[in-house]
Amino acid sequence: MTPAAGRPRWRYRWLWPVPLVGAVALVIFLISLLPVAPVAPATQSLPDTAVGTLVSKIEQINFPSAQVGWAVVASRPYWQVIRTVDGGTHWQEVNPAGDASNGGVVLTVMGAEAAAVVILPYQYIRDSGFAVTTDGGSRWEAGVLPNGASTGPDPIFALSSKDIFAVLGNGSLVSTSNGGAAWSVVRLPALGSGSCLPTSVWFTSASSGWVSGSCTGMAALWHSADGGATWQPEVLPSSFSQAAKVTVAPPQATGTGAALTTVVASTSSGESLRVFENSTGAWRAAPSLALPKGRVLASFASQSDGWVLVAPSAHRATALAYSTSSAGRDWAFRGTPIPASQVTGLDMVSPSRVLALVQAGRYRLVWATVDGGIRWGRSELTVAKGPAPKVNGVEG
């Protein structure tokens, strides 16, 4: 009898999976060697940020030049960031790879090549991811805010890929000088009277920064003249009903170096819009423009030339257009064929060329006029798949 004669044969039958298990372990080991995007640093959440609200209309459109434009459009399962370099004839997806949310995204366009994206919180996701690009979306520097971001507009602004300011959902202004590895709370001085919740941050130059938001019974913002190191409140000189909800847009620079902003006051009876500019060193207001109740979108191409699109809430209403060439002192009115319930974004490229972004069911449309609103054309927005973007140096 051989030494193996008395051994149970089932012991040999169970040896056959050993090579298979070894092969699987080898594959897992090789996969672990592949490059992956860096994990964002741990952050400490700040209290009182609203989380869990589904934002259904985040779509935006912005042309920093006649040929280069950025937009956010709804897609499945999330939202897309897209870009054009030929005036809107062709669009390409430039989404930063990685984190996404059903809460939507907000895009801050800082130039033809520079933009920042914030992922809004939704349900169990508390912190907001962000990404900054300076090359048109080919490469992104990503990180995580210390809490959920404000819905904006423009809840984030990047002076560089390292120096970033953001407004959180609780109105806190935070900043980082190392790309998001560490954040500091920026203290905004209290207003003398009234109340305002900061929602947006914008820099009209490397030194001149602005924080604006939603107020009650007044219109105010905060200004920094030293690159965000210190901030001072500025109350805009106009009276509003104590019950009015007042929204102050992020100021934009004018050709003279002054700042321009628009203020929308909402009451139960309707809306009113005023244009403010500070070319004289003090804020001056144009006469109030009374508007029907509904969603108000405003865009200025210069200190003088601006458009306002009003989307009334009435069933089957079409959007109403108001244009000015006098910084809001006088307005011309035109009707449009744009369905009011579908318009989500407005951008004035020049006094004669205006674009409106529309989400109609599964279709993403751009309504455009090149003659100041006399005629409108509609085109479906098709998006080509771009090359895989790089996030923190790693292809996504």
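Which residues of β28 are buried on one side and which on the other? V354, A356, V358 and A360 lie on one side, L355, L357 and Q359 lie on the other, and all are buried. Buried means under 20% relative accessible area, exposed over 50%, and partly exposed in between, with a 1.4 Å probe and protein chains only. The model is predicted: local features need pLDDT of at least 70, side-chain atom pairs count only at pLDDT 80 or more, and totals for chains, interfaces and linings use all residues. Residues are numbered from 1 along each chain as its sequence is written, and side-chain values use heavy atoms, with hydrogens and water left out.

Strand β28 spans residues 354-360. Strands, like helices, are DSSP runs numbered from the N terminus; a strand (E) has at least two residues, a helix (H or I) at least four. In β28, 7 of the 7 residues are buried, so the strand is largely enclosed by the rest of the structure. Two strands pair if DSSP finds at least two bridges between them. β28 pairs with strand β27 (residues 343-348) in the antiparallel sense, over 5 bridges. Here G345 has L357 as its bridge partner. The hairpin of β27 and β28 has 5 residues between the strands. β28 is also joined to strand β29 (residues 363-369), by 7 bridges, and these two run antiparallel. V366 in β29 stands opposite L357. β28 and β29 form a hairpin with 2 residues between them. In its turn, G361 has a positive phi of about 65°.

V308 stands opposite Y322 in β25.

Aromatic contacts come next. A pair of aromatic rings is described by the distance of the centres and the angle of the planes. Rings of Phe, Tyr and Trp (its six-membered ring) pair if their centres lie within 6.5 Å; planes under 30 degrees apart count as stacked, over 60 as edge-to-face and the rest as tilted. The count by this rule is 10 aromatic pairs. F130 and W183 have ring centres 5.8 Å apart and planes at 85°, so this pair is edge-to-face. The pair links distant parts of the chain, 53 residues apart. F130 lies in strand β7 (residues 129-133), and W183 in the loop between β11 (173-176) and β12 (184-186). Both F130 and W183 are buried. F203 and W231 also form an edge-to-face pair, at 6.2 Å centre to centre and 75° between the planes. F203 is in strand β13 (residues 195-203), whereas W231 is in the loop between β15 (220-224) and β16 (232-235), 28 residues apart. F203 counts as buried at 5% relative accessibility, and W231 at 3%. Ring pairs link F157, F165, W202, F203 and W231 into a cluster.

A nonpolar core is a set of buried Ala, Val, Leu, Ile, Met, Phe, Trp, Tyr and Cys residues joined through side-chain atoms within 4.5 Å. The largest such core has 29 residues, of which L173, V201, W231, V246 and V263 touch the most other members. β10 (164-167), β13, β14 (209-216), β15, β17 (245-248) and β19 (259-266) each supply at least two residues of this core. β13 gives the most, with 4 residues. Contact means heavy atoms within 4.5 Å. Leaving aside neighbours within four places in sequence, V263 is in contact with residues including A219, L236, F240, V246 and F276. A second, separate core of 19 residues includes L297, W307, L309 and A356.

G69 belongs to strand β2 (residues 69-74). G69 is buried, with a relative accessible area of 0%. The C-alpha atoms of G69 and T84 are separated by 5.2 Å, though the two are 15 residues apart along the chain. Not counting residues up to four places away in sequence, G69 touches N62, F63, P64, I82, R83, T84 and W91.
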